[in-house]
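Dear colleague,

Please find the structure below, handed over for your use. A summary of the findings follows it.

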Amino acid sequence: MYPIAQLLNAALETPKTGQPLPRSERLPRTNILEGEQDFRILMDLPGVRNEDLEINLEDETLIVKAERSLEAPEGYKHRRSELAGKVTFRRSFELGNAVNVDKIGARLENGILTVTVPKSEKALPRRIEVQ
């Protein structure tokens, strides 16, 4: 299977264990975009700060993990709580070998994480001249 197909399929899958996620762990909503030079993974991580975000690359798997903690301010107590106090977001993507893992970049802005995954030279389209 072509690596981008695996990447897109991974965005729709639940964790490979087949077990439901723990109540405090969330699979963040994700969009995957493909451009001529790179792929962009956009993840919805509301309330997450840079220091609570961890992105790792293990073999050809990109792993994103983040934590958010919503506590009542001092002097207040919860009367009704629809938001979980502590939530862990976790998502992984199989990248394959059609990407340049040395140039992966990430930016968190307004609760949206954007991970830029450049395509490798061998994955880029090229024109072949006819002699």
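**Salt bridges and strand pairing**

Aspartate 52 is partly exposed, at 25% relative accessibility; on this scale, buried means under 20% relative accessible area, exposed over 50%, and partly exposed in between, with a 1.4 Å probe and protein chains only.

Please note that this is a predicted model, in which local features need pLDDT of at least 70 and side-chain atom pairs count only at pLDDT 80 or more, while totals for chains, interfaces and linings use all residues. Residues are numbered from 1 along each chain as its sequence is written, and side-chain values use heavy atoms, with hydrogens and water left out.

Aspartate 52 forms a salt bridge with arginine 49, with 3.0 Å between the closest N and O atoms. The term denotes a side-chain nitrogen of Lys or Arg within 4 Å of a carboxyl oxygen of Asp or Glu. Arginine 49 also meets glutamate 51 in a salt bridge, at 3.5 Å from N to O. Within it, arginine 49 is partly exposed at 47% relative accessibility, whereas glutamate 51 is exposed at 59%.

A further salt bridge joins the side chains of arginine 40 and aspartate 38, at 3.6 Å from N to O. Here arginine 40 is partly exposed, with a relative accessible area of 38%, while aspartate 38 is buried at 16%. A search of the whole structure finds seven salt bridges.

Turning to the strands, these are DSSP runs of E with at least two residues, numbered from the N terminus; two of them pair if DSSP finds at least two bridges between them. Four strands form an open sheet of mixed pairing, in the order β1-β6-β5-β4. Its edge strands, β1 (25–26) and β4 (53–58), each pair on one side only. Strands β4 and β5 (residues 61–69) run antiparallel and are joined by six bridges; isoleucine 55 stands opposite valine 64 in β5.

Strand β8 (residues 112–118) is mostly covered, with five of its seven residues buried. Seven bridges join β8 to the antiparallel strand β3 (residues 38–44), and methionine 43 has leucine 113 in β8 as its bridge partner. Strand β7 (residues 105–109) is also antiparallel to β8, through five bridges; glycine 105 is partnered there by threonine 116 in β8. The hairpin of β7 and β8 has two residues between the strands, and asparagine 110 takes a positive phi near 55 degrees in this hairpin.

Yours sincerely
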